[in-house]
Amino acid sequence: MLWRTIRSMEVMAHSSNFLLPKLHQPAKTPANNYTLVVLNQQLPRFMPRLWAQAKMRICADGGANRVFDEMSQMKNDLDRNRYIPEIIEGDMDSIRPEVKRFYSSQGSKISDKSHNQETTDLHKCISSIRHRTPDHEKPNLCVLVTGALGGRFDHEAANINVLYVFSDMRIVLLSDDCLIQLLPKTHHHEIYIESSVEGPHCGIFPIGAPSTSTTTTGLKWNLSDAEMRFGSMISTSNIVDSDKVTVQSDADLLWTISLRNLT
Ligand SMILES: Nc1ncnc2c1ncn2[C@@H]1O[C@H](COP(=O)(O)OP(=O)(O)OP(=O)(O)O)[C@@H](O)[C@H]1O
Ligand SMILES: Cc1ncc(C[n+]2csc(CCO)c2C)c(N)n1
């Protein structure tokens, strides 16, 4: 169950069960309904698991080099043919020519947007996913983005901005250490904690517009009708204290939680 209505505000449920081994995943949840976007940073430890269970895989420009160079080594399987992204999207200024040739020959669709220098490769990927997804599938589609955090700060800021630009989509930015997602103010939120793969450290705060009222349950330091903004109080180094965290706010918030040492 992903959606429910409480006092005229819909409840949006969240879970990181896509990080669980397949055996432990419940059927018919976002765990097995996600598109994977691979950015141009070292692949995370848990990449083989995400790759295997994704409905579709898109490499953002130089992300294709990472799959080419790192994926078969991670799997101890030198056969690159097993890891073919369905799409490679972007301005194509980072993908190496031999990588482009290889994936093209293996059937990947190469979507060359080199004429567009106004948006990032991640933005182009999300835009393309949105166009490809039929309306009735949109509410439950989840997009997992690897390599989104750590590295160059302008890239990180652009990646976080994509959460706001596409605030009606479920997008999760991932690194080896943590995940970030947007909790839109249009909903109440229930976050189901998968304690075998995530936590206990977490943070919740607005970027951009401040919040005059945020209320949470399930945290060690809960907020009660609290004001949060940069330059004043934001909730960082918090700890999850329950299997379920609830959040209500008058502003869009970022939710971030640490990831355990997964493989
Ligand atoms: N160091 C990094 N930190 C965070 N995200 C990154 C980093 N490097 C790349 N990315 C992400 O991967 C995507 C593809 O990377 P790529 O290197 O192909 O981009 P690019 O357009 O060549 O970037 P630029 O020209 O600014 O270096 C970027 O749009 C960005 O989202
Ligand atoms: C105000 C402004 N700042 C920076 C860029 C440059 N830029 C932003 S996204 C992108 C593509 C990267 O793959 C490039 C080159 C711009 N166009 N407009």
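User: Which side chain does the side chain of histidine 14 make a polar contact with?

Analyst: A polar contact here is a pair of N or O atoms within 3.5 Å; within protein, one must be able to donate a hydrogen and the other to accept it, and residues adjacent in sequence count only if both atoms are side-chain atoms. For the side chain of histidine 14 there is such a contact at 2.9 Å, and the partner is the side chain of glutamine 181.

User: Before we go on, what kind of model is this?

Analyst: Residues are numbered from 1 along each chain as its sequence is written, chains are lettered from A and ligands numbered from 1 in the order in which they are written, and side-chain values use heavy atoms, with hydrogens and water left out. Local features need pLDDT of at least 70, side-chain atom pairs count only at pLDDT 80 or more, totals for chains, interfaces and linings use all residues, and the model is predicted.

User: Is histidine 14 buried or exposed?

Analyst: Histidine 14 sits in strand S2; strands (E, at least two residues) and helices (H or I, at least four) are DSSP runs, numbered from the N terminus. Buried means under 20% relative accessible area, exposed over 50%, partly exposed in between (1.4 Å probe, protein chains only). Histidine 14 has 5%, so it is buried.

User: How do the rings of phenylalanine 18 and tyrosine 34 pair?

Analyst: Rings of Phe, Tyr and Trp (its six-membered ring) pair if their centres lie within 6.5 Å; planes under 30 degrees apart count as stacked, over 60 as edge-to-face and the rest as tilted. The structure holds six aromatic pairs. For phenylalanine 18 and tyrosine 34, the centres are 6.3 Å apart and the planes at 70°, so the pair is edge-to-face.

User: How many residues apart are the two partners, phenylalanine 18 and tyrosine 34?

Analyst: Phenylalanine 18 is buried at 2% relative accessible area, and tyrosine 34 is buried at 0%. Phenylalanine 18 is in the loop between strand S2 (9-15) and strand S3 (34-38), while tyrosine 34 is in strand S3, so the pair links distant parts of the chain, 16 residues apart.

User: And what about phenylalanine 205 and phenylalanine 230: what type of pair are they?

Analyst: Phenylalanine 205 lies in strand S11 (residues 198-205) and phenylalanine 230 in the loop between strand S13 (226-228) and strand S14 (235-239). Their ring centres are 6.1 Å apart and the planes at 85°, so this pair is edge-to-face.

User: Which residue lies over the face of phenylalanine 68?

Analyst: Phe68 forms one aromatic cluster with Phe102 and Tyr103. A charge sits over a ring if NZ of Lys or CZ of Arg is within 6 Å of the ring centre and within 35 degrees of the ring normal. At 3.7 Å from the ring centre of phenylalanine 68, the residue over its face is arginine 80.

User: What share of ligand 1's accessible area does the protein cover?

Analyst: An oxygen atom of ligand 1 is 2.9 Å from an N or O atom in the side chain of asparagine 40, and a nitrogen atom of ligand 1 is 3.0 Å from a backbone N or O atom of arginine 152. Accessible areas come from the Shrake-Rupley method with a 1.4 Å probe; for residues, only the protein chains shown count as cover. Of the 620 Å² that ligand 1 has on its own, the protein covers 81%.

User: How much of ligand 2 does the protein bury?

Analyst: A polar side-chain atom of aspartate 91 lies 2.8 Å from an oxygen atom of ligand 2. Taken alone, ligand 2 exposes 450 Å², and the share buried by the protein is 43%.
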